[in-house]
Amino acid sequence: MAITFDKALGIHEQALHARVKRAEVQANNLANADTPGFKAQDIDFQAMLQQAQVSQELKMAEPHSGHMDLGGGADGGELLYRVPHQPSLDGNTVDAQQEQSRFMRNAMEYQASFQFLSSKFSGLSKAISGE
């Protein structure tokens with residue numbers, strides 16, 4: 001039985017993609033913190049991972065040229081609007097301090113996932129070289 005990267009790495013590759021997408025959305029929120037009427041957005045990270053896990057389990061071994069790509073995976077995260085704790089008079093729903101906190105937490109979780117993947121690759125290369 002052959003080991004593939006999908007089996008060896010599991011869902012962690014999709015988790016990194018989801019973290020990057022979430023960082024982009026959060027950076028956009030921070031950039032528009034003073035824009036009147038801007039609505040803060042976020043991505044449901046757990047839903048993205050569940051969608052990626054289901055699509056990974058259902059992935060076909062050899063796609064046929066006649067099959068349509070339905071675009072599953074962690075790339076299609078639905079943007080959700082955030083409900084503000086304290087509404088602004090100009091209609092902006094970004095709370096800069098909370099957004100910075102969320103951004104930093106996402107960055108730390110990205111780093112943790114990246115280090116996990118790095119250790120997986122290190123273990124795989126040691127196994128291949130016979131160490």
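**The cavity and a helix pair**

Guide: Arg82, Val83, Pro84, His85, Thr93, Asp95, Gln98 and Arg102 line the largest cavity. The model is predicted, local features need pLDDT of at least 70, side-chain atom pairs count only at pLDDT 80 or more, and totals for chains, interfaces and linings use all residues. Residues are numbered from 1 along each chain as its sequence is written, and side-chain values use heavy atoms, without hydrogens and water.

Visitor: What makes a space a cavity, and what makes a residue part of its lining?

Guide: On a 1 Å grid over the protein atoms alone, a cavity is a set of points where a 1.4 Å probe fits but cannot get out, and lining residues have an atom within 4 Å of a point. The count is 1 cavity of 30 Å³ or more, and the largest holds about 40 Å³.

Visitor: Why is α2 called roughly antiparallel to α4?

Guide: The axes (lines fitted to C-alpha atoms, with angles from 0 to 180 degrees between N-to-C directions) of α2, residues 12–31, and α4, residues 96–129, cross at roughly 160° and come within 9 Å. Angles over 145 degrees count as roughly antiparallel, so α2 is roughly antiparallel to α4. Residues making the contact (heavy atoms within 4.5 Å) include Leu16 and Val20 of α2 and Phe103 and Tyr110 of α4.

Key. Helix = DSSP H or I, 4+ residues; strand = E, 2+ residues; numbered from the N terminus. Parallel < 35°, antiparallel > 145°, perpendicular 65-115°, else oblique. 1 Å grid on protein atoms, 1.4 Å probe; cavity = no way out; pocket = protein on both sides within 12 Å on 5 of 7 lines; lining within 4 Å. Points joined across faces, edges and corners; volume = space filled by probe spheres on them.
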